[in-house]
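I opened my notebook to jot down what I looked up in this structure.

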Amino acid sequence: MDIEKLTVNACSEFKDVMRRDFLKSLGRAGIAGVLSAPAWMPRLSFAADDSSTRDLIVRIFLFGGLDGLAACPPYDEAAYYAARPTEAIPRPDDVASVKAIDLDGFFGLHPALSPLKAIYDAGDMAIVHATGHPDVNHSHFYARDIFESGASLMTGGWLGRHLANTSELGSVEVRAISAANDVPRCLHGGPKTVAIPSVDDYGLGGDAYTASLRSSILANAYSGILPAVKTGATSGLATADVMEFVRSLGYSPANGAMYPNTEVSIALKTIANIAKADVGVEVAAMTANGWDTHESQGSLSGDLYTKLSQLGAALAAFYTDMGSLMARTTIIIHSEFGRRVAQNNQPSNAGTDHGYGGVMFVIGGGVNGGQVITDWPGLDEANLVDGNLDITIDSRDILAEILQKRAGNSNLAAVFPGFTPTFRNVVQLAT
Amino acid sequence: MAVATIFEKLTRRRFMGAVGATACVAAGCATGVDPVDLVTGPTEPGDKGTGPDGPDTTTTTTVTPGVEPETPPSPPSPPAEVDYKNLLLARTTFGPIEFERALYDQLGHEGYVEYQLAWDDIDDSGMDARLASLDLLDEPPANLISTSTDEITRQLQTNMLVRAIHSRRQLYERMCEFWTDHFYVHAQRDVSNQQLIENDRDNIRPNALGTFGDLLHAVVRGPALLTYLNNGNSRIGVTNENFARELLELHTVGVDGGYAQRDVVDLSRVLTGWNAVLTNFAWHSGYHDQGAKQVMDVSLAANGGINDIYTVVDYLAAHPNTAEFIATKLVRRFISEDVPSAVVNSVKQAFIDSDGDIKSVLRVLFSRASLAHATPKLKRPFHLIASLMRQSGAETDAATDLMEPLYLLGHAPYEWHDPDGYPDVSTHWAGGMMARWRVSQEIANGLMSAYTIPDTTMETSKPNSKVAEKIAAWNTRYFGGALTSSEKGLLTSFATNFPHQRELFATMVNMPSFQLH
């Protein structure tokens, strides 16, 4: 098959169909085992000889309101223990067996996050505390939308605008993925963005012999409809071919990484699988639910402990699996708000209500890790905002710095309109 | 077939398509893939004249209750006529079948709406046998305490889907789905799970087409919602704000509805003692905060007791911001994601004028004047699967596990994690197009055992009917004749190249005209 000859006078959309079939014909010819990335498919993010300086950005949103005072307890504050008779994490020097892991003499790490301590010690994880978006209120949905849109409820999301305002590096088919069956708000408005719940099942299915025609028919049928659906359809078809290529490479976790069988872990494994195939994905997003601990919070042995354990184990597996690729990966973990300083309800099933300032984790080879970055406002009554931890570092400061220094973004004003970030030196400039 | 041959055909068709589109634009006519065409399609003979009750244009004009929109003075091109029959049937069913089309022809637009609104007059006895295996649904919550929460969830999910597929009370079922999202309770596999059956059966279903006030009172008193939103133990001094906040934000006036944090705090005090014990609602007067309270415009004197709650729920049910919030959600669900303010205002006014009578609201929502503003909307996966089963005539009952595709597509009932219910915007669902296409493919090919598309559907009436006849028959059956000419062309090209009935069927249901409505 002479592709060049056939594509003379064809439009670019038509060429895409050709590429897809080129890949498929290789697969059908039984040489999938030696299938390598075609020349048109750039291997961007991790290529050693690439002039690009973009990291893979992995965004994990903990929806519900992560209790930052449990995840990263300020154990040297007496007010912390006064406000939380049962939901405080004991000091590292406490006699209790379940207690904080010391980070810097003032802050500790929740014991369920112990797998992250080695990453912190290696200088690859920073924690930002007393952070958040100052415009949030106590509504989950409003706060999430503010966080995810990155501006006052603008259309689209902050990562979508980031991608829309950074040039495409070569002819990439997929620039952003959601490791779920939907695309979260933060990615809305971005080009070439698609939901991939599973690498294995991504594709049209059905008879392989008719696949290319069915694919072409769908591309045609969806070319003139509701823009959001057209975008989803177009991205989906392009992605099916990329996933076929990803599958052809095979994947198993490296370096002895063990992914537990949890939702958050499976999503991170999917991201690692795609990232390692190096098909040009720049952003991966996922959401982990269930952090709204009004009742029976269980900081020391219950729900929150379990959630944090699952998160810590999944992150550790991903970090191990990615290995040297972490040098070009930045993970952002945040939540729409923190939780009330004082716990609520009776001691037997205490929880915490919606708060304000919270905590953010940043993990990656380019992170100025091994530190808690904060302008700590304190937990004394006079320093609280309606009973909540104040926000002294705008979360957009951190996000903007990462986009500029690690993701090649030179137009932050388009991502966060009307906001001038103050860089907090959370990451190094990628080189 | 050589790949190159397919390409040549495609190229030619694309080229022809492009020429056609250009010519059409120049002539000012709608093209085969114009978005409007997805909604309107070819107009049926009986629908040519929209009559005195409907506008004859899709152009956006101001709608005032009782006043029909006017035709713009000099339209730039002849406007496409609105196919009210297909539009109404698509928006009030989980995929219309011949039964509904015939009813519409017989009863007319308003008559059909009235028929569906009188839901308990519609004989739905055919559902009994199909649902017979769902043995938990008649049980009082107390009998379910030791029942598997997974089984409770499965039976509720199955009940919802089988009713969506087979019930003749289609608008009623769509409204039950709407309110299930609105007063959303996640099946968390804890005690609130055991209360979900009662919530669906005794709170939502009897009131789904009643008044919003009755519905609100029933659901707010239901142990499922208050347990889910952490009010089960809320009491004076250790008050939980969650239920109060969501009652304002998600269930009544909306996030911009005119309340502040102090209103949330005082409403949470109002709700102290409004508890649940195991699976039952419980009023604990001793736990109630008897102090004076102020919730928005409502001043509550000290010692109001349980009447504080009734007063505030009445106030919220009648609040104009509640009318606007509900109207906005209804318009987004049933008319257009652009939520045209003209339609929202008329629906809101109907809500206010009727004191929240849901039938009165729906009469305005489904009027021709409102439907004239309809824009294409991606079916949510539940709707997609229900319509696939319903319109293909698949025989299914509750005995099999029907939930697999809905889990794959992220829309299994009661599995959304958050109290706002499943999203209702195409943007959310459009990221999953590939998964939708694949599921259709697998169902068509019999790979999902619970879903069997009958051979008669595949073959139409004549086993070897010609391609054009088959596609024409499908066009009538699945689209009410509204399949676009572009889609017909694409299906014809597939059938011509590959006479594979089930793949053709999958390709047909993967067309935009089926995926959207």
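**Entry 1: a strand and its partners**

I began with strand 8 of chain A, which pairs with strand 9 (residues 358–364) of chain A in the antiparallel sense over four bridges. Pairing here needs at least two bridges found by DSSP between the two strands. Strands (E, at least two residues) and helices (H or I, at least four) are DSSP runs, numbered from the N terminus. In that pair, Ile331(A) sits opposite Ile363(A) of strand 9 of chain A.

Before going on, I noted that this is a predicted model, where local features need pLDDT of at least 70 and side-chain atom pairs pLDDT 80 or more, while totals for chains, interfaces and linings use all residues. Residues are numbered from 1 along each chain as its sequence is written, chains are lettered from A and ligands numbered from 1 in the order written, and side-chain values use heavy atoms, leaving out hydrogens and water.

Strand 8 of chain A also pairs with strand 1 (residues 56–63) of chain A, this time in the parallel sense over seven bridges. There I found Leu62(A) opposite Ser335(A) of strand 8 of chain A.

How many residues of strand 8 of chain A are buried? I got seven of seven, over residues 329–335. Buried means under 20% relative accessible area, exposed over 50%, and partly exposed in between (1.4 Å probe, protein chains only). Thr329(A), Ile331(A), Ile333(A) and Ser335(A) are buried on one side, and Thr330(A), Ile332(A) and His334(A) on the other, so both faces are covered.

**Entry 2: two packed helices**

Next I checked helix 11 (residues 242–251) and helix 12 (residues 261–270) of chain B, which pack at an angle of about 120 degrees with axes 8 Å apart. Axes are lines fitted to C-alpha atoms, for helices over the stretch in contact, and angles run from 0 to 180 degrees between N-to-C directions. Helix 11 and helix 12 of chain B are therefore oblique to each other. Under 35 degrees counts as roughly parallel, over 145 as roughly antiparallel, 65 to 115 as roughly perpendicular, and the rest as oblique.

Which residues meet there? Ala244(B), Arg245(B), Leu247(B) and Leu248(B) of helix 11 of chain B meet Gln261(B), Val264(B), Leu267(B) and Ser268(B) of helix 12 of chain B. Contact means heavy atoms within 4.5 Å.

**Entry 3: two buried residues**

I then looked up Phe141(A), in helix 6 (residues 140–149) of chain A. Phe141(A) is buried, with a relative accessible area of 7%. Leaving aside neighbours within four places in sequence, Phe141(A) touches residues including Phe63(A), Glu246(B) and Pro419(B).

Ser387(B) came next, in helix 18 (residues 381–392) of chain B. Ser387(B) is buried too, at a relative accessible area of 0%. Beyond four places in sequence, I found Ser387(B) in contact with Phe94(B), Gly95(B), Lys379(B), Ser392(B) and Phe514(B).

**Entry 4: helix 9 and the chains**

In helix 9 (residues 212–221) of chain B, seven of 10 residues are buried, among them Phe212(B), Gly213(B) and Leu215(B).

Finally, I noted 13 helices and 11 strands in chain A, and 26 helices and four strands in chain B. Of the 431 residues of chain A, 61% are buried; for the 517 residues of chain B, the figure is 59%.
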